[in-house]
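Q: I have a structure open and would like to go through a few places in it. Could you take my questions one at a time?

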Amino acid sequence: IEQSWLEQIRRKPTQDWQAYDFWLRGRSALRRSGLTAIEQARRYFQQALARDPDFARAYVGLAIAQLYEWGCFSWNHWVFLQADALELANKAVTLDDQDHQAHCILGMTQLYRGDYEGARRRLLYAIELNPNDADVLAHASVGLALVGEHQPAVEAGRRALRLSPYHPEWYTTFAGIALFAAREYEEAITTMAPAPEAICNTPAFIAAC
């Protein structure tokens, strides 16, 4: 459904795009790899906020962009990126406290700041709000694994892959990390094998398994 809508808005004149259209384009850009795609996504999310300053999902998108830039491109800049990501995610939750994606990304930012209990609560709550969002389940799988909630992490990763069979490649690594943490090494290898370089540390986890 999202892909169909994306194709429609690509054929529309720029001045007719609405906030959701910009958000959807930003989301699509984040599914590609590289700093260029991240910067493009940021521009779309900022344009969405120019149309609707209270659009929580646009803040979610900007927070994800900060996480993605740090994750594989700017480790040395995390001290700056993490503060931005946390502020953006908090803003999203403030605007819409029932948005499961906002809670998920806030949980991930809390995780990387060392607030493990806060991250655990947020990630579990995000799944409780919507147990059928594959993107959230994939993020939660790796997040929960890193705070020691191994069984919920594995269940979230498996469910993400099942709900979205034509998923982005990064799903396999996130689900694979959850399996690795739970010591399900053979399944972890099988899960990550179709996309052995999905993200920068996928080969390391396959080797560790």
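Q: Where is Arg 183 placed?
A: Arg 183 is in the loop between helix H10 (170-181) and helix H11 (185-192); helices (H or I, at least four residues) are DSSP runs, numbered from the N terminus. This is a predicted model, in which local features need pLDDT of at least 70, side-chain atom pairs count only at pLDDT 80 or more, and totals for chains, interfaces and linings use all residues. Residues are numbered from 1 along each chain as its sequence is written, and side-chain values use heavy atoms, with hydrogens and water left out.

Q: Is Arg 183 buried or exposed?
A: Arg 183 counts as exposed because its relative accessibility is 66%. Buried means under 20% relative accessible area, exposed over 50%, and partly exposed in between (1.4 Å probe, protein chains only).

Q: What about its phi?
A: Arg 183 has a positive phi of about 65 degrees, although it is not a glycine.

Q: Next, Arg 159: where is that?
A: Arg 159 is in helix H9 (residues 150-163). With 26% relative accessibility, Arg 159 counts as partly exposed.

Q: Which residues does Arg 159 contact, leaving aside neighbours within four places in sequence?
A: Those are Pro 131, Asn 132 and Leu 137, where contact means heavy atoms within 4.5 Å. Arg 159 and Leu 137 are 22 residues apart in sequence, with 7.2 Å between their C-alpha atoms.

Q: And the largest nonpolar core, how many residues has it?
A: The largest nonpolar core has 59 residues, and Phe 55 and Ile 105 have the most contacts inside it. Its largest share, 9 residues, comes from helix H4 (residues 56-72). Such a core is a set of buried Ala, Val, Leu, Ile, Met, Phe, Trp, Tyr and Cys residues joined through side-chain atoms within 4.5 Å.

Notes
Helix = DSSP H or I, 4+ residues; strand = E, 2+ residues; numbered from the N terminus.
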